Amino acid sequence: MSVAKYMQLALTSPVGGYYTRGQAFGREGDFVTSPEISQMFGEIVAVWLTLHWEMLGRPVHTALVELGPGRGTLMDDMLRAARRFPQFFASIRGVHLVERSPELRRVQHDRLGCDAQQTQMAADQDAPERGVSAARGNIPVRWYDALDAVEPDGAVPLVVAHEFFDALPIHKFEKGADGLWHEILVDVADSSRGSALVSLPPGSVPQRRDPAPGIGHFKLVRTRNVSAGAALLLRDKQFDAQFSTGDMVEVSPESARVMAQMADWITRCNGLGLIVDYGQDWTQSDTFRGIKSHRFADPLRAPGSMDLTADVDFSYLRFAARGKAECHGPVEQGAFLHAMGIQA
């Protein structure tokens, strides 16, 4: 299977998917995000949204939309801070959370102080679908499985995606001696020792690096023929001009799809979006990894037991938004926070 399919199943499968457990975040989990470290991060984002709400001409009706809201910490901090700006807070007609995990939906529901008596549960799962944040001014809250299902009801969307794109599935490719791109796939290992294919320099013999024995059951393999996926995803001329034999690239068509949709949506509705993630402003090579107990781990070991991520290619996101929305950045998070008033 493709690396993208492997990531999708390992992270979001209703049977054993990593995010379905809801215990990934925080010091007791596998990783800590900025909102979990300090409430100041969410407060700064709320100030940024208020500033740009002013720049948009103070629209009467707005909708706060968050992609991948985790435990709801960022949204809760943003709403609490937004109340310090009464006119902006009064414009917020609803909170819209794009979250597939039933467990995380329940955590977000409680974190936002939603009134259980006013909560409507999803028909097919024991998770909230609609609620009212009694703790944050009785703002309506809705949950969705995907961005294309969000219904802001005519309100101007203010979209935040914090460490969302890094967890979207990627495809991996390697440029062969024939000058063509070959997809790297996930296969069952020959034994209980998982293995991962390393990037090949020109003229070298394929080698593999093995993790600790008895844990992993998967390995990365290179397709011998040019796959349909490679031909479709790498048809842009930038992939021919910039890479040599043995080079690897990571491409996330799901990221491009979400970005294009978000760009089109916020432009049509005169909204805005803020993406906070880790990555670079160029195509990635070999950043696919697991994170477990606050350490990097072999992503092919025990799928479903760890977070799987890859660095974000911001140039690819801008390319996806081309002709749909105006993009700024990226800038380093430290520079952003410093410009917004955090001096430490």
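## Ground rules

The model is predicted, so local features need pLDDT of at least 70, side-chain atom pairs count only at pLDDT 80 or more, and totals for chains, interfaces and linings use all residues. Residues are numbered from 1 along each chain as its sequence is written, and side-chain values use heavy atoms, leaving out hydrogens and water.

## The chain as a whole

The protein chain holds eleven helices and 18 strands. Both kinds of element are DSSP runs, numbered from the N terminus: helices are H or I with at least four residues, strands are E with at least two.

The protein chain has 344 residues, and 51% of them are buried. Buried means under 20% relative accessible area, exposed means over 50%, and partly exposed lies in between, with a 1.4 Å probe and protein chains only. Contact means heavy atoms within 4.5 Å. Take the contacts between residues at least 6 apart in sequence: 72% of them join residues at least 24 apart.

## Cysteines

The whole structure has zero disulfides. A disulfide here is a pair of cysteine sulfur atoms within 2.5 Å. C114 is buried, at 11% relative accessible area. C269 is partly exposed, at 22%.

Helix α4 spans residues 73–82. Nine of its ten residues are buried, so the rest of the structure largely encloses it. The buried residues of α4 are T73, L74, M75, D76, D77, M78, L79, A81 and A82.

Helix α3 (residues 39–55) packs against α4 at about 55°, with the axes 8 Å apart. Axes are lines fitted to C-alpha atoms, for helices over the stretch in contact, and angles run from 0 to 180 degrees between N-to-C directions. The two helices are therefore oblique. By angle, under 35 degrees is roughly parallel, over 145 roughly antiparallel, 65 to 115 roughly perpendicular, and the rest oblique. The α3 and α4 crossing is right-handed. Right-handed means that the near helix is turned clockwise from the far one by less than a right angle; left-handed means anticlockwise.

On the α3 side, the contact uses Q39, F41, G42, E43, V45, A46 and L49; on the α4 side, L74, D77, M78, R80, A81 and A82. These residues divide into eight nonpolar, two polar and three charged. Nonpolar covers Ala, Val, Leu, Ile, Met, Phe, Trp, Tyr, Cys and Pro; charged covers Asp, Glu, Lys and Arg; the others, Gly among them, are polar. An α-helix has 3.6 residues a turn, so residues three or four places apart point the same way.

G70 sits in the loop between β1 (62–67) and α4. G70 is buried, at 6% relative accessibility. L97 is 27 residues from G70 in sequence, and their C-alpha atoms are 9.8 Å apart.

## Helices α9 and α10

Helix α9 covers residues 253–268 and helix α10 residues 314–321. Their axes come within 8 Å and cross at roughly 45°. This pair is therefore oblique, and the crossing is right-handed.

From α9, the residues P253, S255, A256, M259, A260 and A263 meet Y316, L317, A320 and A321 of α10. Nine of the residues in this contact are nonpolar, one is polar and none is charged.

S252 lies in the loop between β12 (248–251) and α9. S252 is buried, with 8% relative accessibility. What does S252 contact beyond its neighbours within four places in sequence? The partners are L168, P169, I170 and Y316. P169 is 83 residues from S252 in sequence, yet 6.1 Å away in space, C-alpha to C-alpha.

## Backbone details

Two residues other than glycine have a positive phi. E163 has a phi of about 45°. E163 is in the loop between β6 (156–162) and β7 (171–175), and is partly exposed at 28% relative accessibility. S293 has a phi near 55°. S293 is in the loop between β15 (289–292) and β16 (295–297), and is partly exposed with a relative accessible area of 44%.

The peptide bond from G329 to P330 is cis, with omega near 10°. P330 belongs to the loop between α10 and α11 (333–339).
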